[in-house]
Amino acid sequence: MNKLKLAAIGYGGMGSYHLEHLLPTEKDLFEIVGIYDIKDDRRTLATQKGLKAYQDRSALLSDPSIDCVLIATPNDSHKEIAIAALEAGKHVVCEKPVAMNAAELREIMAVAEKTGRIFMVHQNRRWDPDFLIVKELWESGEIGDLFQIESRVHGANGIPGDWRRLKQHGGGMLLDWGIHLLDQIMWLVDSPLQSVTADFSYILGEECDDGYITYLTFENGLRVITEVGTSNYIKLPRWYLKGTKGTAEITDWDLSGKMVVATNADVAAPTPIQAGVGLTKTMAPPSEEATETLPLPQGSNLSQSFYQNFFDVVTTGAQPIVKNEQVLKVMELIDHIFEIVEGRK
Ligand code: NAD
């Protein structure tokens, strides 16, 4: 089997993560040829690590030995680089967010169609183990039918001090992290969106959102909250899920958490408790026999890794796990959120 020869455009944090962590696990499928980065020091570092560093982008794109290109540059440059790479006859893996808005993605998709090259977006958090637990709970009904999903990522470090703080580069937390949280939900839920409300936070005084919250309602009745915060010194759980038979919580990426499910045992009504200065029966804990606490399920892995799937899509015409139409739907949702919060078009 011939390996695909891959070169990266953008050799910063994520470009080097692909070349040094993700692709080496698929070394039977991919051969890394080299990189291009606009910064001299990144090109020098690449050569020190034994990679070929192209002096300019066109030298990389006109190298006939390269089959595919990874784009790992700031968000505002993805469209232009993707179109140039597709037109040079390369297949493309593009980092998220695919582009600045849905219109840019439509342009890229049209060029991919015209050139017959594969374009796939690295929505890698579909493979996250915490999300795969949620997917299992959604599909298995272990806590009944889910009627509310809360998906949060909280940090206390603000927006990283790079292009992510600047609008012109596609900065802000909605495009940075929200794209993952919304992609996970839109991939999971096979029901049309009914309503969307959203808000941004600007606690740190940056021009881009340093956090956001969205409330989504789906036609099947599911309600979803997604939230990103960068000024949260105490985190809320990564996932909080309410089902018709129980509740589950995944506390963090270490997969700590639990499920509490109703036993349906015939038990006495809860005894009223003192709550603050009042008395409540409604909020009293259920009697011990009424619920059981269980470990979270393991979640099933997807059948292929992102790069195994990309390889099969390119070489055998297999179905992509991350489909461009799905990515487009998420970008349209993001456009809509910008429109309702900022009046941006
Ligand atoms: P970064 O700033 O660390 O690296 C970007 C690199 O691109 C820099 O070295 C810069 O010099 C280079 N660059 C900028 N413009 C260029 C151009 N026109 N041509 C060639 N090189 C150029 O940023 P990063 O954290 O690596 O992010 C890059 C992309 O990866 C972003 O789209 C980001 O959203 C994405 N990303 C994805 C994940 C994920 O989990 N999927 C994680 C982090 C970043």
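**Reading a predicted fold, feature by feature**

Trainee: Which backbone nitrogen does a side-chain oxygen of asparagine 101 reach at the start of α5?

Mentor: A side-chain oxygen of asparagine 101 comes to within 3.3 Å of the backbone nitrogen of alanine 103. Helices (H or I, at least four residues) and strands (E, at least two) are DSSP runs, numbered from the N terminus. This is a predicted model, with pLDDT of at least 70 needed for local features and 80 or more for side-chain atom pairs, while totals for chains, interfaces and linings use all residues. Residues are numbered from 1 along each chain as its sequence is written, and side-chain values use heavy atoms, leaving out hydrogens and water.

Trainee: How many helices and strands does the protein chain have?

Mentor: The protein chain has nine helices and 16 strands. Its C-alpha atoms fill a box of roughly 75 × 50 × 40 Å along the principal axes. Contact means heavy atoms within 4.5 Å. Among contacts between residues at least 6 apart in sequence, 71% join residues at least 24 apart.

Trainee: Back to α5, then. What should its 14 residues span?

Mentor: The expected span is 1.5 Å times one less than the number of residues. For the 14 residues of α5, residues 102–115, that rule gives 20 Å, and the end C-alpha atoms are 20 Å apart, so the two values agree.

Trainee: Which residues of α5 are buried?

Mentor: Buried means under 20% relative accessible area, exposed over 50%, and partly exposed in between (1.4 Å probe, protein chains only). In α5 the buried residues are Ala102, Glu104, Leu105, Ile108, Met109, Val111 and Ala112. They pack against α4 (78–87), β6 (119–122) and α9 (324–342). Over the protein chain, 48% of the 345 residues count as buried.

Trainee: Which residues of helix α8 are buried?

Mentor: In α8, residues 306–316, they are Phe306, Tyr307, Asn309, Phe310, Phe311, Val313 and Val314. These residues pack against several elements, among them β1 (4–9), α1 (13–22) and β2 (30–36). Glycine 317 follows α8, and its phi is positive, near 75 degrees.

Trainee: Now a charged side chain. With which side chain does aspartate 130 make a polar contact?

Mentor: A polar contact is a pair of N or O atoms within 3.5 Å; within protein, one must be able to donate a hydrogen and the other to accept it, and residues adjacent in sequence count only if both atoms are side-chain atoms. Aspartate 130, in helix α6 (residues 129–140), makes such a contact with the side chain of tryptophan 239, at 2.7 Å. Aspartate 130 counts as buried because its relative accessibility is 1%. Beyond its neighbours within four places in sequence, aspartate 130 is in contact with Arg238, Trp239, Ile250, Trp253 and Leu255.

Trainee: What about aspartate 128: buried or exposed?

Mentor: Aspartate 128 lies in the loop between β6 and α6. Its relative accessible area is 12%, so aspartate 128 is buried. A polar contact of 2.7 Å joins its side chain to that of arginine 125. Apart from neighbours within four places in sequence, aspartate 128 is in contact with Gln184 and Trp253.

Trainee: Let us turn to backbone angles. What is the phi of leucine 255?

Mentor: Leucine 255 has a positive phi of about 70 degrees although it is not a glycine. Leucine 255 is in the loop between β12 (246–250) and β13 (257–262) and counts as partly exposed, because its relative accessibility is 30%. Asparagine 264 has a positive phi too, near 65 degrees. Asparagine 264 belongs to the loop between β13 and β14 (273–275) and is exposed, because its relative accessible area is 70%.
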